[in-house]
Each structure stands twice: as C-alpha cells, then as structure tokens.
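Colleague: I'm new to this one and would like to learn how to read it. Could you walk me through a few features?

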There are 2 protein chains.
Amino acid sequence: MQPVICTVDVVLLTLQDDALRVALLKRDREPFKGVLALPGGFIHPDDDAQTQDAALRVLRNKTGIEPPYLEQLATFSGPARDPRGWSVSVVYYALVPHDVIERAGHQEVRLASVDKPLNLPFDHRTIVDTAVARLRSKSQYSSLPCYLAGEAFTLPQLQRTYEALMGEPLNKVSFRRKITEMDMLEPIQGAFTAGSAHRPAQLYRLKPELRDQLTLIERGI
Amino acid sequence: MQPVICTVDVVLLTLQDDALRVALLKRDREPFKGVLALPGGFIHPDDDAQTQDAALRVLRNKTGIEPPYLEQLATFSGPARDPRGWSVSVVYYALVPHDVIERAGHQEVRLASVDKPLNLPFDHRTIVDTAVARLRSKSQYSSLPCYLAGEAFTLPQLQRTYEALMGEPLNKVSFRRKITEMDMLEPIQGAFTAGSAHRPAQLYRLKPELRDQLTLIERGI
C-alpha cells in the first residue's frame, strides 16, 4: 500500500484597505515550482509536537510571522489534490494585522484579495474559500475580527473591521453594546489618536488574557 | 524520517433514555487489543477517495451503520497518542437515532454515557469530549439534534431531544417558533402517535432535501 503524504498548509488572512487578503508565496520546489500558493510543508515527526506546531514552523520559516491567532480549519485529502500521490493536508488559518506582515518584511509574501479570481495550485482555492467562509461566519458572533484590527484601535476602527468582514454596515449603538457585553477590550492608558480633524479617540486593545482565545457573542453581533 | 501514521476515527453519538451515548468497540488488534475504543482504522489510499470515505468504510465494516449525519470534527496528532509512532487521526462525528443502531444489530457495539467516567485508550477521551462540546454548542443554533430524534417524531419529542442535548428546559412557544422559522420539518401524511393518554400527535420528519445538511437558526434556539 502506498504511503499517505502528510502536509500542513496555512491560510494567513489580513485586512488591507478594507479588503480581506490571503498571503501567498512562490513555491521553491516541484510540483508547481515558481507558482504562487499557500505556505505549506511536510510534517516533521522529529521536530513537530503536533500538526499545529508544523503549521507555526512553516509560517515562521517561510514568512517570519508569528500569528496572534491560529486555528485548525479542516483537513483536506484525496488521491488527486497533490500530483505526488494520496495526500492529507491539515489546514490552519491565521489572522494577522497588516502591520505585522509589513514589519516581518518578507519580500516574497504576496497579498491577494480573496474576492478576486485566484488561480492557485492543488486545492488551494477551495481551501481559501473554506477559510474565508469560516472567518466571515464566525465574525458574526465572536471576537475574531479583533485579531485583524491591529494591536491598538479605536472603536470606530474596530466597527469598520467587523463591517469589512461581514460586508454590511452595522448599527453603531448596538455594535458598542455587543462589544461592551463581550468584555474583551481594555483602553490603553493615555493612548489616543492624533492628527485628525475630530477630537482624539481612545485607543483600545484586546485584554491580554484573551490573546489567542476567542470570545463568543451570545446571539451574534 | 519516520513516516506519519494516518488513521481515521469516528465518534458515533446517539440519545438513549435522554442520555447522550458514544459507540465503542473492543479493538481486534494491538495496540490495546480487547480494549473498548472508538471505531477507527488506517486510511486505504487504494480504496478511499478522501478521509470521509475512510470514516464511512470503517463505520460500515465495523458497525453496519450508515449514519444520516457525518461531519469532520478535527484532526488530532502527535508522537505519543499512538504507541506505534507519530500519528495523525482525522476524526469525524456521526449522529444516529438509537433505533438505527438497534436495527444494525451488531452485538459488539457498546453504548457508553458521555457524562460518566470513561477509560479509553489513545487520546479517545479528549476526542469524545471535543465531539460532545461541538454537538452541544451547535445544537443551540442548528437542526443538528433532529438527526438524533429518529426518522419520525412529534414536536414534544423533538423538544425533549434539544433539551437533553442542551441540558436545560426550553420554552415551548419560543421553541415552536424557532422550529417554524427554520422551515426544516414536514408533517408525515396520516401519521400520528397512538396508544397514549393524550390525543394523537402529528408525526414529523426532516424535509428530504435537508438530510445530511444542516439548517442554521438565526440567533439561536
């Protein structure tokens, strides 16, 4: 019996100019050498304590990024998705504020809008679509979008992040009430926006104990 | 580099006497020969079109059951979960009305309450807990419990199924309104309960187009 090929792939998502984008890298080996694809690689039984560690290792080595949020998406499998043979890919999705990607500064990382046609190898298009659907669905009832809003944000900025993910305007009063109910933010002492025509706005951040841990919203945003 | 062991496991859940139970089988080979465990097995690259087919094959061969609902739960992995080596298990959970298990009539299938202590090999206890948490959480806002209610049920029976999963009594009026909103049931022509002290109650079933497909409830049950 032929062995099963065991890999991980990562869908790294960020918001840039209110558009949801996925990080792609040119593959450095066959199959599909030179083609833009999701960052991925083989599981290393000697190095990885579990598939999540394989995903974090691949992301660190190929993009220099340590994502503030990473979650297992699903496992994709079959005889035809990889030309090398019957394969399993345990896929994770990661959420990263755009400035974290910029600071990592990897020249090779390309950010492509998930809402435009994307010609990707393997079943990576299906994988990206699955991740985006999961993120958009979870955004309706969780703190997930906060991981895309950056380390510090005003409440209007956070609302715009939710709106960009959900694709519709939200009522400001009910949005503020939900955010208060979730009890997941803290004001950053003495930190306000500057340089705008409006009066300075308080900057907030996720409470430290909530990093890498979702808060669920009862009954949706 | 040692190869990764690729398996599937299935958490088959049913309701019996209002208690959620998981199907266990004595293992017919080492490791843990003779010990009760989740039904599972290796992926067969020559037979399986994907991991879900491996899960269905394992369930069919070991229990004789074709579940009306099967969903990928998560993938569990690591060097220590299986004494044979670094392994990946793609886990599915299945929901089956109790009468389907009885009709399949496999003598070897044991049903154990998920709320009692269970001494299981591998990481099967963690896997069962993860499946139960997923089912209970999804029951709050989906048609998932219908797959446990049987092929035909009255509305009070369906409410008791939701209550058993959610662990709390539900308001009858708001439950009926939610069920109506979901638009997932159809009355079975001429089918009523008989032999009880009450007047006969209409029997319902899931609409045929909703078999094996979840209906989500906006804002929860």
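**Reading a helix, a strand and the contacts**

Modeller: Let's begin with a helix: the buried residues of α1(B) are T51(B), A54(B), A55(B), V58(B), L59(B) and T63(B). They span an arc of only 130° around the axis (taken from the directions from the helix axis to the C-beta atoms), which puts them on the same side of α1(B). Buried means that 20 or more other C-beta atoms lie within 10 Å of a residue's own, exposed means 12 or fewer, and partly exposed is in between, with C-beta atoms placed from the backbone. Helices (H or I, at least four residues) and strands (E, at least two) are DSSP runs, numbered from the N terminus.

Before we go on: this is a predicted model, where local features need pLDDT of at least 70 and side-chain atom pairs count only at pLDDT 80 or more, while totals for chains, interfaces and linings use all residues. Residues are numbered from 1 along each chain as its sequence is written, and chains are lettered from A and ligands numbered from 1 in the order in which they are written.

Colleague: What span should the 13 residues of helix α1 of chain B have?

Modeller: The expected span is 1.5 Å times one less than the number of residues. For α1(B), residues 51–63, that gives 18 Å, and the end C-alpha atoms are 18 Å apart, which agrees. Just after α1(B), G64(B) takes a positive phi of about 75°.

Colleague: On to strands. Which strands does β1(B) pair with, and in what sense?

Modeller: Two strands pair if DSSP finds at least two bridges between them. β1(B) runs parallel to β6(B), residues 87–95, over nine bridges. With β4(B), residues 40–42, β1(B) is antiparallel, joined by three bridges. β2(B), residues 19–26, is also an antiparallel partner of β1(B), over four bridges.

Colleague: Is β1(B) largely enclosed or open?

Modeller: 11 of the 12 residues of β1(B), residues 5–16, are buried, so the strand is largely enclosed by the rest of the structure.

Colleague: What surrounds T7(A)?

Modeller: T7(A) lies in β1(A), residues 5–16, and is buried, with 21 other C-beta atoms within 10 Å. Contact means that two C-beta atoms, placed from the backbone, lie within 7 Å. Leaving out residues up to four places away in sequence, T7(A) touches G40(A), G41(A), F42(A), I43(A), S87(A) and S89(A). T7(A) and V91(A) are 84 residues apart in sequence but 8.5 Å apart in space, C-alpha to C-alpha.

Colleague: How many residues of chain A are in contact with chain B?

Modeller: 23 residues of chain A are in contact with 23 of chain B. On the chain A side, β5 (69–78) and β6 (87–95) each supply at least two residues. β5(A) gives the most, with five.

Colleague: And how is chain A itself divided?

Modeller: Into domain 1 (5–138) and domain 2 (141–210), with bounds from an automatic or database domain assignment. The C-alpha centres of these two domains of chain A lie 27 Å apart. In chain A, 12 residues of domain 1 are in contact with 13 of domain 2.
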